[in-house]
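Let's take a walk through this structure together, one neighbourhood at a time. Keep the viewer open and follow along as we go.

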Amino acid sequence: MADNSTTSPTSPYFAAIDLGSNSFHMLVVKINDGVLETVDRVKEMVQIARGLKASHSLSEEAQARALHCLSCFQERIREIPADQIRVVGTKALRSAKNANDFLHNAETTLGHSIDIISGYEEARLVYLGVSHDISADKGKPLIIDIGGGSTEFIIGNSHQPGLMESLSIGCVTYSDNYLSDESDNSSGKITNKMINEAYYATCLELELITRRYRRYGWDIAVGSSGTMRAISKLMPVDVVSGVITREGLNQLMDELRQSGSFSKLEDISSQRLSVLPSGIIILSAIFDQLQLDEIHVVDATLKEGLIYDTLGRLSAQDMRDQTVEKMVEQYQVDQDQSRRVTHTLSHLVKSLPTPIVNGIDIQKIVHWAALLHEIGFSISHSGHHHHAAYLLKHSDMAGFSRFEQELLSTFVGAHRRKIHSDRQAILSAENHQSLSIFCACLRLSVLLNHRREDDIDLPEIIVQDQTLILQFNDNWLDEHPLTYRNLMQEQRYLEPLNIQFEFY
């Protein structure tokens with residue numbers, strides 16, 4: 001079922017940009033005989049999550065810092081082909097009420113589309129990046145990535161994640177929520193009360209995963225992210241470089257409780273220092289709840305995962321194909337029918353230009369929609385397209401961004417009967433004109449295969465702007481009166497999409 005075509009990169013350069021809640025990161029690499037060579041690595045402590053507590057919106061100051069940073073990134077990536085650049089937003093951009101307004105300005109500034117990814121997808125990409133940095137003889141790793149707005153926990157083996165979770169524990173949000181000045185605290189110091197609140201809040205979140213993760217087990221604990229690297233630099237001199245120990249972490253917690261702050265530290269920026277106490281508290285709770293003795297810190301993170309994932313998309317290893325195949329099996333889809341519908345769809349869209357909407361190849365999305373359009377049968381035959389749309393919008397789908405899932409859900413939810421107004425709005429949006437034609441082709445592919453028979457005579461298709469014409473062989477419509485009636489009804493169903501549908 002997967003599209004196994006391989007696309008050769010048009011340039012040896014690839015870029016990955018991670019718009020994290022604490023830092024924005026850019027990684028530029030060159031592929032040299034299959035080996036990734038780092039060309040440029042840039043990090044800016046934008047701290048876009050600052051201020052989310054009060055209004056649940058990105059502040060004007062945070063947005064200004066972010067856009068300035070993206071303007072600098074734009075200069076560096078402008079010569080790299082668009083399909084070899086991946087830009088993702090994580091927890092803060094998932095949560096902020098005004099994220100869409102910011103994203104419009106951010107994409108304009110950067111000159112590239114930005115994908116908002118789920119916590120599940122963030123965890124997968126972190127594992128993909130970090131696992132390439134761990135020797136296979138280390139066994140099964142537990143990877144922990146403490147970010148500004150969330151923390152990811154992944155256990156896996158041989159580049160395949162087994163358990164993945166993303167919890168709402170972040171060094172920026174926890175610093176704002178628990179370590180800001182109390183009304184009766186004029187010193188500005190972090191009090192034991194604040195420390196305890198942050199610690200027990202972390203423990204409460206960890207209860208969701210602790211028992212399951214300890215039962216699953218791991219051979220080595222690995223930490224990624226700037227917070228982990230900063231804490232590893234504060235370990236006692238007798239600790240091996242790049243390792244965080246329980247004893248060393250306890251010493252940092254004792255110092256924090258006694259002094260209420262950390263002195264100015266070499267090699268740690270003032271911005272990192274501002275969220276370091278919350279990072280130490282979070283990590284202390286993780287050590288205690290997961291009963292860790294030490295964590296080995298690595299440099300690779302989500303950025304490297306994005307590079308590997310992009311290379312997969314340009315080869316025969318697109319994770320999205322694998323995800324679709326697993327869902328087809330999970331929901332026991334009639335694969336013969338999926339094959340018929342995708343074959344008809346390929347015939348109908350073969351002469352259409354491939355539209356790219358927000359950096360997304362719509363032809364791929366509608367192809368996956370054809371494969372998955374019947375997954376709702378697993379819930380109920382009545383209104384199965386609505387059930388399928390819900391599953392596709394809310395499932396954890398490895399490799400897919402939120403917008404890709406929304407488009408996939410929209411196509412599947414609109415593949416039959418009357419199209420709901422919310423789906424009409426997406427398919428008929430002024431900047432998404434091509435979506436409606438592809439939706440019509442999907443609907444017609446399903447309609448023409450309602451008898452579930454192989455080797456049907458396929459009509460010729462003519463598309464002119466928003467007019468779609470099907471030309472059948474002589475007498476075919478006379479021999480298929482039910483299909484004729486359904487096509488007549490389809491003319492009315494497509495009117496809200498501003499599509500004039502004709503057939504003869």
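Beyond its neighbours within four places in sequence, T483 is in contact with L447, L448, H450 and W476. You will find T483 in helix α21, which covers residues 481-494. Is this residue buried or exposed? With a relative accessibility of 2%, T483 counts as buried, since the cut-off for that label is under 20%. Keep in mind throughout that this is a predicted model.

For a closer look, pick C441: leaving aside residues within four places in sequence, its contacts are L345, L348, V349, L352, I461 and L468. As a general background, nonpolar side chains in soluble globular proteins tend to be buried together.

Next comes helix α10, residues 246-259. Its 14 residues reach 20 Å from the first C-alpha to the last, close to the 20 Å expected at 1.5 Å a residue. Which residues of α10 are buried? They are G248, L249, L252, M253 and L256. On the face of α10 turned away from the buried side, you will see the exposed residues E247 and Q258. Just after the helix, G260 takes a positive phi of about 75 degrees.

What does the buried side of α10 pack against? Its buried residues meet α7 (192-206), α9 (226-232), β10 (243-245) and α11 (270-290). On the α7 side the contact is made by N192, I195 and N196, and on the α10 side by M253, L256 and R257.

L256 deserves a stop of its own. This residue of helix α10 has a relative accessibility of 0%, so L256 counts as buried. Not counting residues up to four places away in sequence, L256 touches I190, I195, S261, F262, P277 and I281.

N22 has its place in the loop between β1 (13-19) and β2 (24-32), and at 5% relative accessibility N22 counts as buried. Setting aside residues up to four places away in sequence, N22 touches E44, M45, V46, Q47, G148, C171, V172, R272 and V275.

Finally, P161 lies in strand β8, residues 160-167. At 27% relative accessibility, P161 counts as partly exposed. Its contacts, apart from neighbours within four places in sequence, are R124, Y127, I154, I155 and G156. P161 and R124 are 37 residues apart along the chain, and their C-alpha atoms are separated by 6.9 Å.

How values were computed
Residues numbered from 1 in each chain as written. Predicted model: local features only at pLDDT ≥ 70, side-chain atom pairs only at ≥ 80, totals over all residues. Heavy atoms only, no water. Helix = DSSP H or I, 4+ residues; strand = E, 2+ residues; numbered from the N terminus. Expected span 1.5 Å × (residues − 1). Buried < 20%, exposed > 50% of the residue type's maximum accessible area, 1.4 Å probe, protein only. Contact = heavy atoms within 4.5 Å.
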